[in-house]
Amino acid sequence: MISKSAVKELKNQFESQFGAQPEHVFQAPGRVNLIGEHTDYNDGFVLPCAIDYQTLVAVTPREDNQVTVVAADYANERDTFSLDEDIVSHETQLWSNYIRGVIKHLQMRGLTLGGADMLVTGNVPQGAGLSSSASLEVAIGETFRGLFSLPISKQEVALNGQEAENQFVGCNCGIMDQMVSACGAEHNALLLDCRSLESKLIHMPTDLSVMIINSNVKRGLVDSEYNTRREQCEEAARLLSVKALRDVDLDTLHEKKSLLSEVVYRRAHHIVSENKRTLDAADALESADYETLSSLMAESHQSMRDDFEITVKPIDFIVSLLGEFIADKGGVRMTGGGFGGCVVALLPHSMVEGARQLLETHYFQETGYKETVYICTASDGASEILD
Ligand code: GLA
């Protein structure tokens, strides 16, 4: 839930920038992925939930075709551009390219848009692997869909955001983040088939907390390493003569091991095993089978560490510390693209304080980094906030 006071504050900020209260407020959440890492661009399965940290957009439509955006979190930097001219990248205000890209791609879909005055702010931690960019892309898409009654679905808002990120911003991400930011549902995780885009809501057990631990390890080399992993997966699919690694099972992968180099085999092994774990974890979550969930999350982490090689030492430390503590009462693993970022733990509410204490006592001492902890609830996807 977004507090009434946060919305009031946002509206006042808008008024001080544009001289009147905004006519509408829209929101789109960040996300945490419970399991299914790097499977989305392999046409596989993911199990994320939207979180109660969002990007907010206060907006009033304009009579002309001008878009003006103020970034409240970037010292009220302002960007203005016209819908009548080709929208190109902003060279210095990089935040604005997510907005320009989304709007340009909506136009490329043949949709008729009008101008708008917008103020954007958000509390999704940036650079932490909780999809602050996707939430911005989806928030802008949802804002224009709402303002101009665009004949597109939420799924298309998500696809449009991904297109903007791939082609305008230049990061080759999959569809998971935008889909859950657009289509998430309160108290539920979303089991998403990234090939068909069919999804199933999986109710989150009410006795578990969703704890996100930001390692605060600055994510280095993320884009280049991400793209290398993606190429290695595509190479594996090519050598195994399938459209995507989604089409391979573990037996086939073992049989055809000799076709792949050692590294590419391990990359493929992560994806193929992770797809199966994701489906099994959705069942385990649904039936509150925490023992199975615990093993699947632990195996997922090992696979990211040893086969996909996207974890870093401080993250491995958190996972092993909390893994021992939570045991079979929940689960813990790294979440997101990797090379730093966050760990997600599902654990009984009564264990949250103990977990916090453990981290406080050992994490800094062991690694020199200080953690940040967020307790989240699974939340609704993008929407207009009505008074
Ligand atoms: C990033 C990408 C997603 C997905 C994850 C890894 O968040 O944006 O598309 O590939 O990494 O699961």
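The chain exposes about 16,100 Å², and carbon and sulfur atoms supply 48% of that area, where accessible areas come from the Shrake-Rupley method with a 1.4 Å probe and, for residues, only the protein chains shown count as cover. This is a predicted model, in which local features need pLDDT of at least 70 and side-chain atom pairs count only at pLDDT 80 or more, while totals for chains, interfaces and linings use all residues. Residues are numbered from 1 along each chain as its sequence is written, and side-chain values use heavy atoms, with hydrogens and water left out.

The chain contains 11 helices and 12 strands, which are DSSP runs numbered from the N terminus (H or I with at least four residues for helices, E with at least two for strands). Its radius of gyration is 21 Å, close to the 21 Å that the globule rule gives for 387 residues, so the chain is as compact as a globular protein of that length; the radius is taken over C-alpha atoms, and the rule is 2.2 Å times the number of residues to the power 0.38. The C-alpha trace spans about 60 × 50 × 40 Å along its principal axes. Of the 387 residues, 57% are buried, a word that here means under 20% relative accessible area (1.4 Å probe, protein chains only). Among contacts (heavy atoms within 4.5 Å) between residues at least 6 apart in sequence, 71% join residues at least 24 apart.

We can now turn to the ligand. Around the ligand stand Arg31, Glu37, His38, Asp40, Tyr41, Cys173, Gly174, Met176, Asp177, Tyr226 and Gly337, each with a heavy atom within 4 Å of it. By class, this shell has 4 nonpolar, 3 polar and 4 charged residues, with Ala, Val, Leu, Ile, Met, Phe, Trp, Tyr, Cys and Pro counted as nonpolar, Asp, Glu, Lys and Arg as charged, and the others, Gly among them, as polar. An oxygen atom of the ligand lies 3.0 Å from a side-chain N or O atom of Arg31, and an oxygen atom of the ligand is 2.7 Å from a side-chain N or O atom of Asp177. The protein buries 91% of the 310 Å² that the ligand exposes when taken alone.

A last stop is His270, which is found in helix 8 (residues 262-286). His270 counts as buried because its relative accessibility is 0%. Leaving aside neighbours within four places in sequence, His270 is in contact with Glu37, Arg277, Ser303, Met304, Asp307 and Phe308.

Notes:
Polar contact = N/O pair within 3.5 Å; in protein donor to acceptor, adjacent residues only side chain to side chain. Buried < 20%, exposed > 50% of the residue type's maximum accessible area, 1.4 Å probe, protein only.
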